[in-house]
Amino acid sequence: MQTQAEVDAKAAKQAREAERAAILAELDALDRRSARALRAVVAGTATDEDKAKLAEIETEAVSKRSRLAGLEG
């Protein structure tokens, strides 16, 4: 039989793993959202809107990577 501390530790580990998986999925979605604007930058046809979109996505990605690092640290 498990102690309450072991049950709590297992639940906390499962919650961290679920949050990690969710963050990785969100980062993947951000990568997909950036594709069109990034193509425009590479092609030299980027508008200010494209650049702003990429900056917005990168800000969000930095935040998510920070959360992820906190879970793994």
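Is Ser34 buried or exposed? I looked up Ser34 first, and it is buried, with a relative accessible area of 12%. Buried here means under 20% relative accessible area, exposed over 50% and partly exposed in between, using a 1.4 Å probe and protein chains only.

Notes on the model: this is a predicted model, where local features need pLDDT of at least 70, side-chain atom pairs count only at pLDDT 80 or more, and totals for chains, interfaces and linings use all residues. Residues are numbered from 1 along each chain as its sequence is written, and side-chain values use heavy atoms, with hydrogens and water left out.

Next I checked where Ser34 sits: it lies in helix α1, residues 4–43. Helices are DSSP runs (H or I, at least four residues), numbered from the N terminus. Leaving out residues up to four places away in sequence, Ser34 touches Leu54 and Ile57; contact means heavy atoms within 4.5 Å.

I followed Ile57 back. With the sequence neighbours up to four places away not counted, Ile57 touches Leu30, Arg33 and Ser34.

Ile57 also turned up in the largest nonpolar core, which has 6 residues: Ile23, Leu27, Leu30, Ile57, Ala61 and Leu68. The elements giving two or more residues to this core are α1 and α2 (48–72). A nonpolar core is a set of buried Ala, Val, Leu, Ile, Met, Phe, Trp, Tyr and Cys residues joined through side-chain atoms within 4.5 Å.

Last, I listed the buried residues of α2: Asp50, Leu54, Ile57, Ala61, Lys64 and Leu68. What covers them includes α1.
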